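Please read it alongside the sequence and the structure shown here.

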Amino acid sequence: MAPYPTLQALLSGRSLAAGPRRGLRRLPEGEESQPYDHITVAPCTSLIGAQISGIDLAEPVTPEVFAELDRALLEFKVLFFRDQHRVTGARHRDFAQMWGELEVHPFLPQGEVAEIVRFEKGAENAGVENVWHADVTWREKPALGSVLRAVEVPEAGGDTCFADMAAAYDFLPEHVKTAIRGRVAVHDFTLPFGIGMDPDKLKEMQEKYPAVEHPVVRIHPRTGRRTLFVNGIFTTHIVGLPEEESEELLKLLFQQASVPEYQVRFKWEAGSIAFWDNRAVQHYAVSDYFPQRRVMERAAILGDRPR
Ligand SMILES: [Fe+2]
């Protein structure tokens with residue numbers, strides 16, 4: 001028998017053995033979780049996600065609290081806050097800005113301030129963000145992180161799932177790791193945002209935001225962990241592979257985000273905020289609330305060029 005499952009077996013899902021996932025780890029190898037003194041941190045799963053309490057984000061964040069939030073973000077990859085009803089668009093922007101300059105999105109509608117994108121979903125505009133992805137990977141410098149705030153939530157449904165892409169990488173079979181080592185892939189906004197766009201406008205935007213190449217596996221700039229960095233919305237192909245092989249390999253890589261052991265699922269309430277490390281996770285907005293309304297606002301923090 002072959003030492004590793006074949007690509008075909010992996011694609012059929014039959015290689016995913018039942019039983020514990022041994023070696024799931026939140027932190028880089030050899031690092032231990034340190035206590036948090038200024039915020040309360042309740043892990044959502046053994047791997048990813050934490051609910052943060054003891055903090056009102058409508059108030060200025062002290063340097064001590066900022067340092068702990070920053071550390072928690074690297075450890076848990078996505079932080080959840082409840083009942084932040086007093087956070088306005090301007091306060092949302094100011095909070096996110098503590099991590100760096102914010103992006104002004106060229107395609108999505110703005111909220112009450114320019115750096116906030118507003119997702120207003122309902123019967124007229126159904127939610128289509130139900131594909132695993134990281135935000136704005138079609139940019140040369142994709143977002144470091146995103147801060148998403150629930151303004152109006154459906155009676156039920158509309159959760160967001162997050163997947164730890166370092167775990168997704170760690171658990172790849174060795175021969176797949178070998179196959180993607182040193183490879184780069186092309187990311188392009190055209191697939192989701194080009195649909196229905198006027199051809200002249202599309203050409204103009206493609207000149208302004210040409211497709212970019214990013215490593216298939218990026219090294220997280222803060223934690224040093226290897227992280228799978230291709231996604232089903234923006235990644236078109238792996239450079240240097242025949243089309244069919246690139247497609248097969250990408251399908252396999254995209255599937256990794258769908259493993260429940262790598263995930264956390266967040267149920268939104270009005271006033272909830274999620275802050276994720278866009279370099280470390282992918283997310284999936286469950287689109288099960290049509291035709292109810294779901295209104296969210298997002299700030300995205302500019303990141304660095306993946307390497
Ligand atoms: Fe997104």
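The model is predicted. An iron ion is coordinated by His133, Asp135 and His283, and two cavities of 30 Å³ or more are counted. An open sheet of three strands is also described, with antiparallel pairing.

**Iron site**

- The iron ion is coordinated through NE2 of His133, OD of Asp135 and NE2 of His283, at 2.2 Å.
- Along the sequence, these donor residues follow the spacing H-x1-D-x147-H.
- Both His133 and Asp135 are buried.

**Largest cavity**

- The volume of the largest cavity is about 70 Å³.
- Its lining is formed by Arg26, Pro28, Leu73, Leu74, Lys77, Ala166, His220, Thr223, Arg225, Thr227, Asp277 and Ala280.
- Sorted by class, the lining of the largest cavity comprises five nonpolar, three polar and four charged residues.

**Second largest cavity**

- The second largest cavity holds about 30 Å³ of space.
- Ala134, Met165, Thr227, Leu228, Phe229, Val230, Asn278, Arg279, Ala280, Val281 and Gln282 line the second largest cavity.
- Strand E10 (226-228) and strand E14 (281-285) are the elements that give two or more residues to this lining.
- By class, the lining of the second largest cavity divides into seven nonpolar, three polar and one charged.

**Three-strand sheet**

- The strands of the open sheet run in the order E8-E7-E11, and their pairing is antiparallel.
- Strand E8 (212-215) and strand E11 (235-238) stand at the edges; each has a single partner strand, so one side of each is left without a neighbour in the sheet.
- On average, neighbouring strands of this sheet are turned by 35° against each other, direction ignored.
- Strand E7 (residues 184-187) pairs with E11 in the antiparallel sense over three bridges.
- Opposite Val186 stands His237 in E11.

Technical notes:
Residues numbered from 1 in each chain as written. Predicted model: local features only at pLDDT ≥ 70, side-chain atom pairs only at ≥ 80, totals over all residues. Heavy atoms only, no water. Donors = N, O, S within 2.8 Å, 3.2 Å for Na, K, Ca; no water. Buried < 20%, exposed > 50% of the residue type's maximum accessible area, 1.4 Å probe, protein only. 1 Å grid on protein atoms, 1.4 Å probe; cavity = no way out; pocket = protein on both sides within 12 Å on 5 of 7 lines; lining within 4 Å. Points joined across faces, edges and corners; volume = space filled by probe spheres on them. Nonpolar A, V, L, I, M, F, W, Y, C, P; charged D, E, K, R; others polar. Helix = DSSP H or I, 4+ residues; strand = E, 2+ residues; numbered from the N terminus. Pairing = 2+ DSSP bridges. Axes fitted to C-alpha atoms, helices over the stretch in contact; angles between N-to-C directions.
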